[in-house]
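Subject: Structure handover

Hello,

Here is the structure for you to look over. My notes on it follow below.

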Amino acid sequence: MFQNIGIPGIILILVLALIIFGPSKLPEIGRAFGTTLKEFKKATNELVNGEQTTNSNSEDKTDEQINEEKQEIK
């Protein structure tokens, strides 16, 4: 997607961002973009690896409680 931008295109985008947002806002925007990218990568890695974001111990307890209730009903 961005293979054809090149160095002059990147410089132009950075200059426009500096003009639009100003020097005080750029670090804040960059930090927010970095955090968003980090969370996106983490979520995609978890989907690919089959990991879950929730605590498995709390889910196991819940599953155990459900199984116990099912056995009591029988």
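The accessible surface of the protein comes to about 7100 Å², and carbon and sulfur atoms own 61% of it. Areas come from the Shrake-Rupley method with a 1.4 Å probe, and for residues only the protein chains shown count as cover.

Two notes on the source. This is a predicted model: local features need pLDDT of at least 70, side-chain atom pairs count only at pLDDT 80 or more, and totals for chains, interfaces and linings use all residues. Residues are numbered from 1 along each chain as its sequence is written, and side-chain values use heavy atoms, without hydrogens and water.

**Fold**

The protein has three helices and zero strands. From the N terminus on, the order is α-α-α. Helices (H or I, at least four residues) and strands (E, at least two) are DSSP runs, numbered from the N terminus. Of the 74 residues, 5% count as buried. Buried means under 20% relative accessible area, exposed means over 50%, and partly exposed is in between (1.4 Å probe, protein chains only).

α1 has 16 residues and spans 23 Å from first C-alpha to last, close to the expected 22 Å. The expected span is 1.5 Å times one less than the number of residues. Just after α1, G22 takes a positive phi of about 85°.

α2 covers residues 26-49, 24 residues in total. Its reach is 34 Å, close to the 34 Å expected. G50 follows α2, with a positive phi near 80°.

L26 lies in α2. L26 counts as partly exposed because its relative accessible area is 28%. L26 and L14 sit 12 residues apart in sequence and 9.7 Å apart in space, C-alpha to C-alpha.

**Surface patches**

Patches take residues with over 30% relative accessible area and no salt bridge; like charges are joined within 9 Å, nonpolar side chains (Val, Leu, Ile, Met, Phe, Trp, Tyr) within 5 Å. A salt bridge is a side-chain nitrogen of Lys or Arg within 4 Å of a carboxyl oxygen of Asp or Glu.

The nonpolar patch has about 1100 Å² of accessible area together. Its members include I7, L14, F21 and I29. Which helix gives the most to this patch? It is α1 (residues 6-21), with 10 residues.

D63, E64, E68, E69 and E72 form a negative patch. Asp and Glu count as negative, with the charge placed at CG of Asp or CD of Glu. E64 is in α3 (residues 56-73). E64 is partly exposed because its relative accessible area is 46%.

Best regards
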